[in-house]
Amino acid sequence: MISVYIDLAIGLILAFLLLSLLVSGINEAFVRLLGIRSKFLWAYLRDTLDGSEDGRSWIPSKIADVFAKLPFSKDDPRPAHSPDPAPSVVEPMRVDPATVLAAEEARERVAAEIDEGIVPEESADGPSGGSSPDGGPASGGPVEAPVPQVDMTARLYERLQEIDHPKGARTSIANIPPERFSGAVMELVAAEEGGIDGLLAKLEAINSPLAGHLKGVWEGAQRDLPRFRKGVEDWFNGEMQRLSTLYARYVKWVVFALGVVLTLAFSMDALEYGKTLLRDNAYRAGVSAIAGGGGDGYAALRDKCAGGEIGLAEPYQCVTESLSSPALVKIFDHSIVSVTIPPDGSADPSFHWNGGAWWDRLITPGHWPGYLLTMVALLFGASFWWDILRRLTGVRGDRS
């Protein structure tokens, strides 16, 4: 009796494993085809290095944005792919922090004067110019603040080109090792005359969010260069873990949706399949009893052959057909398009439209609990069911 339930468990686990592998395969094919994982990574890097555009984050905030807007948007966050090796010499950022800071202070001073009513707003926006006694722009003149155009994401990509491979016009990098990221940051630091302080000043001048992160790491490392590099590596590793968790949260809903579609398309009723496994085991036990000289299994054999699951009156042919078509082979018999594989290999597999019977099963409430059980089982993923199967069968992985 124990072996019967073990066989039942293995059969159900195999069914869930096969469906889970199919769900994972479809999801992975979709993700790779549209470059979703790569776009998700570079959307985060855009937010971190260059900031959001018009107050809108590059990182999607809804599941529909991840798998609908992000893959097909014209605003691809990924840099353009370059087949050339990384430049041997890193150019410093063409930004003068002092000029940018002075312009920002002048603009803030004019804005404060407008708020206090000292200068009319029209005068501040007018064409008049001049200078104030303290050397700043006149209170009625325009304030032209230089806006440095620095693409920090592109500068980072220049240091990562070695790990890229051609796949379309955009980079296909979907994973950046933390030590490689910290090395790229150190190369950018080495290009600046003031070292880390010089890089931080320029990042602050262009309003890059990376300035705040690196400044915190720099102060936490007590301004020690080796500790700073290790701190950048740890910080980026933590960010990638957080990003992976966010991505997995979105993917979970896609996997669930695929599980629902495949469960209904194959009409996979887990409860009915479990009953089929038990009947299959009982029939095989009956055949074994007859082969061993006992007569207890004759009733099961007679019912199966004459009654109708096989519909063959000749016992030998009936037993051969039944034993060559176990329950696992017939797992997808009720799908909308069924596949029949001849057991002797004498003919090619045949496909049959099964729409009418499939729809009847779909609208039958008695199958709904089995469908729900299958959908929930698929949420655990193929790795979970493979691990359970290994534990149940005693199969050990390769530890070499």
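**View 1. Glu-219 and Arg-223, a partly exposed pair.** Glu-219 counts as partly exposed at 42% relative accessibility, a label that covers everything between buried (under 20% relative accessible area) and exposed (over 50%), using a 1.4 Å probe and protein chains only. Arg-223 gets that label too, at 41%. Their side chains meet in a salt bridge, 3.0 Å from N to O. The term salt bridge here means a side-chain nitrogen of Lys or Arg within 4 Å of a carboxyl oxygen of Asp or Glu. Side chains of opposite charge can pair when their charged atoms come close. This is a predicted model, so local features need pLDDT of at least 70 and side-chain atom pairs count only at pLDDT 80 or more, while totals for chains, interfaces and linings use all residues. Residues are numbered from 1 along each chain as its sequence is written, and side-chain values use heavy atoms, with hydrogens and water left out.

**View 2. Glu-204 and Lys-215, a salt bridge between two helices.** Glu-204 forms a salt bridge with Lys-215, and their closest N and O atoms are 3.8 Å apart. The pair links distant parts of the chain, with Glu-204 sitting in helix α8 (residues 195-205) and Lys-215 in helix α9 (residues 210-220), 11 residues apart. Helices are DSSP runs of H or I with at least four residues, strands are E runs of at least two, and both are numbered from the N terminus. Glu-204 is partly exposed, at 41% relative accessible area, and Lys-215 is partly exposed at 40%.

**View 3. Arg-391 and Asp-387, one turn of α16.** Both residues lie in helix α16 (residues 382-393), four residues apart, or about one turn of the helix. Arg-391 is exposed, with a relative accessible area of 64%, whereas Asp-387 is partly exposed at 24%. The structure holds 16 salt bridges.

**View 4. Asp-164, buried with no salt bridge.** Look for Asp-164 in the loop between α6 (152-158) and α7 (178-190). Asp-164 is buried but has no salt bridge, and the nearest side chain of opposite charge, Arg-78, is 8.3 Å away. For charge, Lys and Arg count as positive and Asp and Glu as negative, with His and the chain ends not counted. What Asp-164 does have is a side-chain polar contact with the side chain of Tyr-157, at 2.6 Å. A polar contact is a pair of N or O atoms within 3.5 Å; within protein, one must be able to donate a hydrogen and the other to accept it, and residues adjacent in sequence count only if both atoms are side-chain atoms. Leaving aside neighbours within four places in sequence, Asp-164 is in contact (heavy atoms within 4.5 Å) with His-81, Tyr-157, Thr-171, Ser-172 and Ile-173.

**View 5. A nonpolar patch on the surface.** Ile-63, Trp-253, Phe-256 and Leu-379 make up this patch, with about 370 Å² of accessible area together. Patch members have over 30% relative accessible area and no salt bridge; like charges are joined within 9 Å, and nonpolar side chains (Val, Leu, Ile, Met, Phe, Trp, Tyr) within 5 Å. Areas come from the Shrake-Rupley method with a 1.4 Å probe, and for residues only the protein chains shown count as cover. Ile-63 belongs to helix α3 (residues 63-72) and counts as partly exposed at 33% relative accessibility.
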